[in-house]
Amino acid sequence: MVAVENLIAKIRDIPDFPTEGVLFKDITPLLGDGHAFQGAVEGLAEPFRGERIDAVVAIEARGYILGAPVAAHLGVGFVPVRKVGKLPYHTFRVEYSLEYGSAIVEMHRDGLQPGQRVLVIDDVLATGGTLAAAAQLVKHAGATVAGMAVLIELDFLRGREAIPGHRIHSLIHY
Ligand code: AMP
């Protein structure tokens, strides 16, 4: 298991990206380091290894990079949540607020079965809107969010408060 310090060392801060005032957490140096990438995937999956998880749900696009290997690591299926209009089959749809305006995300209606226990993965928990929308999609499918795991949680944005009642596992806190 890789130490958290070794993951932190591979995250690059980019000021004022994509807009002024945002300190963007760039995870591409971490992804580019095999040891750190493997450690991040194992670290995200770790608390859920001993329990029943039936599927991993992750959010386009950086959520996929971590969610897909976590699903394979746990030996369960992967279900993508995408921006509106990208998925080809029948979907559930959720609209949620962003800092400016709103966004719509979708998940295939047959992606999850009722009663399944789901792990939701994303790269960064900021305001919590994205994870809350993913949780709503899981609920629409009649499945249960067993937990959520993120590589980075921006504590000062208090995103957890947008997703009350969920177990959230964060590898790195800022
Ligand atoms: P939120 O819905 O506010 O929790 O935002 C989470 C989503 O926005 C994640 O999927 C991240 O990819 C992205 N995000 C938000 N803030 C940052 C940040 N400071 N650095 C990198 N990604 C971010």
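Before anything else, a definition: a residue is buried when its relative accessible area is under 20%, exposed when over 50%, and partly exposed in between, using a 1.4 Å probe and protein chains only. By that rule Thr127, at 53% relative accessibility, counts as exposed.

Hi everyone, a quick word on what we are looking at. This is a predicted model, where local features need pLDDT of at least 70 and side-chain atom pairs count only at pLDDT 80 or more, while totals for chains, interfaces and linings use all residues. Residues are numbered from 1 along each chain as its sequence is written, and side-chain values use heavy atoms, with hydrogens and water left out.

Let's take the whole protein. The protein has five helices and nine strands; these are DSSP runs numbered from the N terminus, with helices being H or I of at least four residues and strands being E of at least two. Along the sequence, the order is α-β-β-α-α-β-α-β-β-β-β-α-β-β. The C-alpha trace spans about 40 × 40 × 30 Å along its principal axes. For 174 residues, a compact globule would have a radius of gyration near 16 Å, and the 15 Å found here agrees. That radius is taken over C-alpha atoms, and the globule rule is 2.2 Å times the number of residues to the power 0.38. Buried residues make up 45% of the 174.

Now, the inside. A nonpolar core here is a set of buried Ala, Val, Leu, Ile, Met, Phe, Trp, Tyr and Cys residues joined through side-chain atoms within 4.5 Å. The largest one has 29 residues, and Val57, Met107 and Val120 are among those with the most contacts inside it. Elements giving two or more residues to this core include β3 (55-59), β7 (117-125) and α5 (129-140). Which element gives the largest share? That is α5, with seven residues.

What does Val120 touch? Counting contact as heavy atoms within 4.5 Å, and leaving out residues up to four places away in sequence, its partners include Val57, Leu131, Val138 and Met148. There is also a second, separate core of 27 residues, which includes Val2, Val76, Ala149 and Leu151.

On to helix α4, residues 62-74. Its 13 residues should span 18 Å at 1.5 Å a residue, and the end C-alpha atoms are 19 Å apart, which agrees. The expected span is 1.5 Å times one less than the number of residues. Gly63, Leu66, Gly67, Val70 and Ala71 are the buried residues of α4. Seen down the helix axis, they fall within an arc of 135 degrees, so they line one face of α4; the arc uses directions from the axis to the C-beta atoms. An α-helix has 3.6 residues a turn, so residues three or four places apart point the same way. The cover over the buried residues of α4 includes α2, α3, β3 and β8. After α4 comes Gly75, with a positive phi near 75 degrees.

Leaving aside neighbours within four places in sequence, Gln116 is in contact with Arg52, Asp54, Ala143 and Thr144.

And back to Thr127, which is in the loop between β7 and α5. Not counting residues up to four places away in sequence, Thr127 touches Leu157, Gly159 and Ala162. Thr127 and Phe48 are 79 residues apart in sequence and 24 Å apart in space, C-alpha to C-alpha.
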